[in-house]
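Hi,

Here is the structure I promised to pass on.

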Amino acid sequence: MPPLREIIARHGIAARKSLGQNFILDLNLTRRIARAAGPLDEVNVIEIGPGPGGLTRALLADSARRVIAIERDPRCLAALGELAIRYPGRLELVAGDALALDPASLSDPPRKIVANLPYNIATALLLRWLDRIADYQSLTLMFQREVAERLVAAPRSPAYGRLTVLVQWLTEPKILFDLPPRAFVPPPKVTSSVVLLTPRAHPLAPASKPVLERVTAAAFGQRRKMLRSSLKSLGIPVEPLLANTDIAPTARAEELSIADFCCLARALAAGEGVQPAATPRAGG
């Protein structure tokens, strides 16, 4: 295959800020990311925003059974077409917006997601994928370091928040390694981190995801306030709600464990007569 810089020049692929594009051209780094995803020869790999195909090359070279690449930039799709010819039957290109697509519907299991996510939609994509987290063996994703720290944060730490609770409730996140700005073209203003998310066999504690989302949004929406104040945005009497748990009304959101938030979600659901929804289970 021609060097990536030659591919980029041929197709006029200047990174666009509006698409959150920052390309990794160092094939040693893309191979490292591909290897971090574990064995790929028996799985379908879904890649989001492949750009000119640096990581895509590494995934195919690392013997991924099949790669489904979701890309919305026509310039990049043309460049990736050359790669599809080089690996017949192993690279499928999907033109479209990843926010509007369900990756799990594009391939049979077992499947993994491996991607250098566009920073401007990375969190939104992850939250969407949690709805069907059981459909994946793992997710190996690139985030801004600040977002990665939120994924693995512990209670009482500044990075601990709503995203932490929802992600750790259903997965085990682990920061694998960092990449400096100079690893990208163009270089971003922040350090990036590769994170491995492994779906749990069962959620950390029983809860309805929509109700848990409401509770965490209320609690962390005013994180400096005590729960007796922050939870008022739920629209129900707070004192009776907290009385059904062992959580003090004077506690703040950052002090609660994930199990505590699930307990609050169950109490809220019971108070509103909501039947607990089936929670996602790993299976991939």
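**Helix crossing, pockets and a cavity**

H8 and H11 cross in a right-handed way (right-handed if the near helix is turned clockwise from the far one by less than a right angle, left-handed if anticlockwise). Before I go on: this is a predicted model, so local features need pLDDT of at least 70 and side-chain atom pairs count only at pLDDT 80 or more, while totals for chains, interfaces and linings use all residues. Numbering starts from 1 along each chain as its sequence is written, and side-chain values use heavy atoms, with hydrogens and water left out.

Back to the pair. Helix H8 covers residues 209-221 and helix H11 residues 258-271; their axes come within 9 Å and cross at roughly 115°. Helices are DSSP runs (H or I, at least four residues) and strands likewise (E, at least two), numbered from the N terminus. Axes are lines fitted to C-alpha atoms, for helices over the stretch in contact, with angles from 0 to 180 degrees between N-to-C directions. H8 and H11 are therefore roughly perpendicular to each other (65 to 115 degrees; under 35 is roughly parallel, over 145 roughly antiparallel, the rest oblique).

Who makes the contact (heavy atoms within 4.5 Å)? From H8 it is Val 211, Leu 212, Arg 214, Val 215, Thr 216, Ala 219 and Phe 220, and from H11 Phe 261, Cys 262, Leu 264, Ala 265, Leu 268 and Ala 269. By class that gives 11 nonpolar, 1 polar and 1 charged residues (Ala, Val, Leu, Ile, Met, Phe, Trp, Tyr, Cys and Pro are nonpolar; Asp, Glu, Lys and Arg charged; the others, Gly among them, polar).

Now the spaces. On a 1 Å grid over the protein atoms alone, a cavity is a set of points where a 1.4 Å probe fits but cannot get out; a pocket is an open set with protein on both sides within 12 Å along at least five of seven lines, and lining residues have an atom within 4 Å of a point. The largest pocket holds about 410 Å³. Of its 32 lining residues, Leu 19, Ile 48, Gly 49, Asn 116 and Pro 118 lie nearest the centre. The lining splits into 16 nonpolar, 12 polar and 4 charged.

The second largest pocket has about 320 Å³, and its lining includes Arg 16, Lys 17, Tyr 119 and Pro 186. There, 4 residues are nonpolar, 5 polar and 3 charged.

Finally, the largest cavity has about 30 Å³ of space (the volume filled by probe spheres set on the points, which are joined across faces, edges and corners). Met 1, Leu 4, Ile 7, Pro 52, Gly 53, Arg 57, Ala 79 and Leu 83 line this cavity.

Cheers

Technical notes: Contact = heavy atoms within 4.5 Å.
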